[in-house]
Amino acid sequence: MIRRILAVAASAALLVTGATTVTTAVAHPKDPKPTIVLVHGAFADGASWAGVTERLQRDGYKVVVPAVPLRSIAGDTSYLTGVLAGIPGPKVLVGHSYGGALITQLAGTAEVKSPVYVAAFIPQAGETIGALNAKYPGSEIGPGTTNTITYAGGADLVMKAESFRAVFAADLPAREAAVLGASQRPVAAAVFGEPVAKSAPASLPKYALIPSGDKAIPPAGELFMAERAGAHIVKVKGASHLVMLSESGTVTKLIEKAAH
């Protein structure tokens with residue numbers, strides 16, 4: 001009888017010990033969400049990311065939308081390097097148009113998870129965005145749609161008011177496109193002939209969104225660059241160059257995929 005009582009007690013002790021082991025197991029917290037850095041392109045400013053920013057913030061992401069100087073690829077990259085240095089933790093870089101060249105230069109920065117290209121250039125070392133834009137027909141950026149602003153330090157390009165919607169924002173309401181055209185930021189003309197310094201690291205996963213109605217960068221050119229980079233590609237039928245405004249949900253979904 002005593003042996004039976006001891007055996008039962010021992011079994012109970014084992015059960016209690018097992019239960020304790022389960023309940024005291026250390027839970028490993030999920031990795032923190034990366035900060036999303038949205039880099040605008042030429043003839044634009046941070047407002048072009050408004051719809052995407054709102055959606056990302058609603059989904060719990062920290063978002064940084066720096067004001068890009070639009071002076072030179074080297075200078076803008078240097079400026080954005082300083083911006084990234086002040087952002088702790090993992091980061092996803094998203095570049096639109098000219099901004100794609102900049103995030104390519106920054107992709108090797110510590111804690112960058114992946115670059116996301118939205119209607120953007122994906123250059124390789126030594127290439128210029130001017131040559132890439134001329135590789136395939138279809139871009140309507142040129143003397144007929146831009147004006148040149150000359151000043152003591154150089155020359156800037158700005159889209160003509162009457163051309164902005166057709167080239168950049170054909171799928172946006174006319175009034176919205178007019179506001180964007182009026183508030184656009186000029187870009188130094190020299191950036192189109194400036195060679196990029198380096199390619200994005202091959203080891204990083206890359207994502208690219210291509211709008212089929214783009215009149216600023218030919219969609220065929222965007223596809224060529226994305227395929228060459230080995231990017232995960234999403235095509236948006238009929239969307240304009242400012243696809244992040246007209247199709248902000250689709251763009252946000254791709255960014256969040258990269259963030260995961």
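The side chain of Ser-48 comes within 2.8 Å of the backbone oxygen of Asp-45. This is a predicted model, in which local features require pLDDT of at least 70 and side-chain atom pairs count only at pLDDT 80 or more, whereas totals for chains, interfaces and linings use all residues. Residues are numbered from 1 along each chain as its sequence is written, and side-chain values use heavy atoms, with hydrogens and water left out.

**Overall chain**

- The protein chain contains 10 helices and 9 strands, taken as DSSP runs (helices: H or I, at least four residues; strands: E, at least two) and numbered from the N terminus.
- Of the 260 residues in the protein chain, 46% are buried, that is, under 20% relative accessible area with a 1.4 Å probe and protein chains only.
- Contacts (heavy atoms within 4.5 Å) between residues at least 6 apart in sequence join residues at least 24 apart in 70% of cases.
- The accessible surface of the chain is about 12,500 Å², and carbon and sulfur atoms account for 60% of that surface; the areas come from the Shrake-Rupley method with a 1.4 Å probe.

**Ser-48**

- Ser-48 occupies the loop between strand 1 (35–39) and helix 2 (50–58).
- With a relative accessible area of 2%, Ser-48 is buried.
- Neighbours within four places in sequence aside, Ser-48 contacts His-40, Leu-242, Met-244 and Leu-245.

**Ala-231**

- Ala-231 is placed in the loop between helix 8 (219–229) and strand 9 (232–236), and its relative accessibility of 12% counts as buried.
- Lys-206 lies 25 residues from Ala-231 along the chain, yet their C-alpha atoms are separated by 4.5 Å.
- Excluding residues up to four places away in sequence, Ala-231 touches Lys-206, Tyr-207, Ala-208 and Ala-226.

**Asp-76**

- Asp-76 belongs to helix 3 (residues 73–85), and its side chain reaches the backbone nitrogen of Leu-70 at 3.2 Å.
- Asp-76 is buried but has no salt bridge, and Arg-71, the nearest side chain of opposite charge, is 6.1 Å away; a salt bridge requires a side-chain nitrogen of Lys or Arg within 4 Å of a carboxyl oxygen of Asp or Glu.
- Beyond neighbours within four places in sequence, the contacts of Asp-76 include Val-68, Pro-69, Tyr-98 and Leu-102.

**Helix 10**

- Helix 10 (residues 248–259) has 12 residues and spans 16 Å from its first C-alpha to its last, close to the expected 16 Å, where the expected span is 1.5 Å times one less than the number of residues.
- Buried residues in helix 10 include Ser-248, Val-251, Leu-254, Ile-255 and Glu-256.

Terms used
Buried < 20%, exposed > 50% of the residue type's maximum accessible area, 1.4 Å probe, protein only. Polar contact = N/O pair within 3.5 Å; in protein donor to acceptor, adjacent residues only side chain to side chain. Lys, Arg positive; Asp, Glu negative; His and termini not counted.
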